[in-house]
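Have the viewer open and follow along.

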Amino acid sequence: MSATDSDLVFRDADPSEDEELARIMYNAFLPIWNHNWFQCLTSPLDPIASTATPLTPLQTRRLAFYRSWFALVRIHKGAVTLAYTPSTTNPVPSSTAPDPPLFTTSPSNAIAAVVLLLPPHARPSWSEPLIGWRSGLLHALFGLGLRGIWRVAVTFEGNVERMISEGLKARNVAGGDQGNLVMCHGCVRNPQWEGKAPARRLFDWAIRRWWTREREAGRAPTPVWLDTSIDEGVRAYEEIGFEILGECAVETGADVNGIKLEPEPTGEAKGKARKRSRQWVMLRLPPEEGKSDGAK
C-alpha cells in the first residue's frame, strides 16, 4: 500500500531495502546524545556514505544495532515504512505500474524518512532471548560492552519503563500496560534529504493507516507511544497529536552529543549537557468516532 502527500510518496519498505534504511538510520542518529552515550564513545563516529563503505569496528557495531531494529519489527509483523521523492527514476505507483521502485542501490538520497512500528506485546524484552537472538539485538547489545548494556537496559530503558507506566496509569489508558499499545521503534529523517518534515508526515500516515486497518478488522484503534531523547522531536510529535507522559534528565558525564569528555564537563559545559541529556515518553490516542485526533 502506498500514498502520496504533496512532494512525497509513503509506502511499506521491502526487506531488500532494510540495509540501506539501517544506514540512513545510522547517519540520522549520529548527533543524538543517548546513542553515542550507549556506545561509550570518546570521539564522534563518521557517517557511512553508502552500504559499500568500509567500516571501522565501532561503525560496524553501531550499524548492527539498527539492523536489529528492522529485523525485530519484521519478526513481529510490524510496519517498516519509508517516504521518498518521486521522479522519473522513482515514479509514483499507479494502476499501470503498481510495483514501487526498490531502493537497493546506495546511497538512496531520494529516501526522505523511515518509520518503524511494533504491534502490541512486541516490545524488545530480555524475557524473549530467542527473538533477541534471531533479530540480532542481543548480539548488538553485547557489542556495546557491560557499561553500554547497563546504560541501555538499566538506566535509559529503566527510565522509559517507569515513565510510561506512571503516565498510562495516571491517565487510565491501556490498563497502565505499555504492552497493550503500538510502539514507534524508530522515526528518522534522512540527513541527505532536503525538505519539510518528512519523518513527521510519514509517521502520521503510518499511524492513521494502522488505525484504519484495525477498524476494518472490527477492532478498536490502539494508542501509539514512543520515547525520544531530543526536544526537537518532542515538538515535532506534538504537531501530530502526541502528548508528553513523562520527562526526566540523565547524568551522562558527557557533552551535549553524548561524547565522553576527559575530564568530565563542569560549569557551563555540564549545564548544557544536562539540559540536552533528557528523555521523554509520549502518547497519541485514537480519535473518538466522528472527532479529529488533534493532529495539526
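Let us start with His121, which is exposed because its relative accessible area is 55%; exposed means over 50%, buried under 20% and partly exposed in between, with a 1.4 Å probe and protein chains only. The phi of His121 is near 65°, a positive value in a residue other than glycine. His121 sits in the loop between S4 and helix H4 (129-135). Helices (H or I, at least four residues) and strands (E, at least two) are DSSP runs, numbered from the N terminus.

Asn172 also has a positive phi, of about 55°, although it is not a glycine. Asn172 lies in the loop between H6 and S5 and is exposed, with a relative accessible area of 70%. The backbone has a further point to look at: the peptide bond from Ser106 to Pro107 is cis, with omega near 0°. Pro107 is in the loop between S3 and strand S4 (111-118). As background, most residues other than glycine have a negative phi, and most peptide bonds are trans.

## The model as a whole

This is a predicted model, in which local features need pLDDT of at least 70 and side-chain atom pairs count only at pLDDT 80 or more, while totals for chains, interfaces and linings use all residues. Residues are numbered from 1 along each chain as its sequence is written, and side-chain values use heavy atoms, with hydrogens and water left out.

The chain has nine helices and eight strands. Of its 296 residues, 49% count as buried. Among contacts (heavy atoms within 4.5 Å) between residues at least 6 apart in sequence, 78% join residues at least 24 apart.

Leu283 belongs to strand S8 (residues 278-284) and counts as buried, at 1% relative accessibility. Leu283 and Ile244 are 39 residues apart in sequence and 6.6 Å apart in space, C-alpha to C-alpha.

Is Asn34 buried or exposed? At 3% relative accessibility, Asn34 counts as buried. Asn34 is in helix H2 (residues 33-38) and, leaving out residues up to four places away in sequence, touches Phe156 and Ser229. Ser165, in helix H6 (residues 145-171), counts as partly exposed at 22% relative accessibility.

## Nonpolar cores and ring pairs

A nonpolar core is a set of buried Ala, Val, Leu, Ile, Met, Phe, Trp, Tyr and Cys residues joined through side-chain atoms within 4.5 Å. Of the 56 residues in the largest core, Leu21, Met25, Tyr66, Phe70, Val114, Leu116 and Trp225 touch the most other members. Helix H3 (residues 57-75) gives the most to this core, with seven residues. A second, separate core of 28 residues includes Val182, Ala206, Trp210 and Tyr237.

The structure holds 14 aromatic pairs. Rings of Phe, Tyr and Trp (its six-membered ring) pair if their centres lie within 6.5 Å; planes under 30 degrees apart count as stacked, over 60 as edge-to-face and the rest as tilted. The rings of Phe65 and Tyr66 have centres 5.7 Å apart and planes at 50°, so this pair is tilted. Both Phe65 and Tyr66 are buried, and ring pairs link Phe29, Phe65, Tyr66 and Trp69 into a cluster.

## About 1,200 Å³ of space lies in the largest pocket, a volume being the space filled by probe spheres set on the points, which are joined across faces, edges and corners. Of its 48 lining residues, Phe29, His35, Trp69, His185 and Asp227 are the closest to the centre. Strand S5 (residues 182-189) gives the most to this lining, with seven residues.

The second largest pocket holds about 210 Å³ of space. Among its 14 lining residues, Lys77, Gly78, Ala79, Trp210 and Arg213 lie nearest the centre. H7 supplies the largest share of this lining, four residues.

Methods
1 Å grid on protein atoms, 1.4 Å probe; cavity = no way out; pocket = protein on both sides within 12 Å on 5 of 7 lines; lining within 4 Å.
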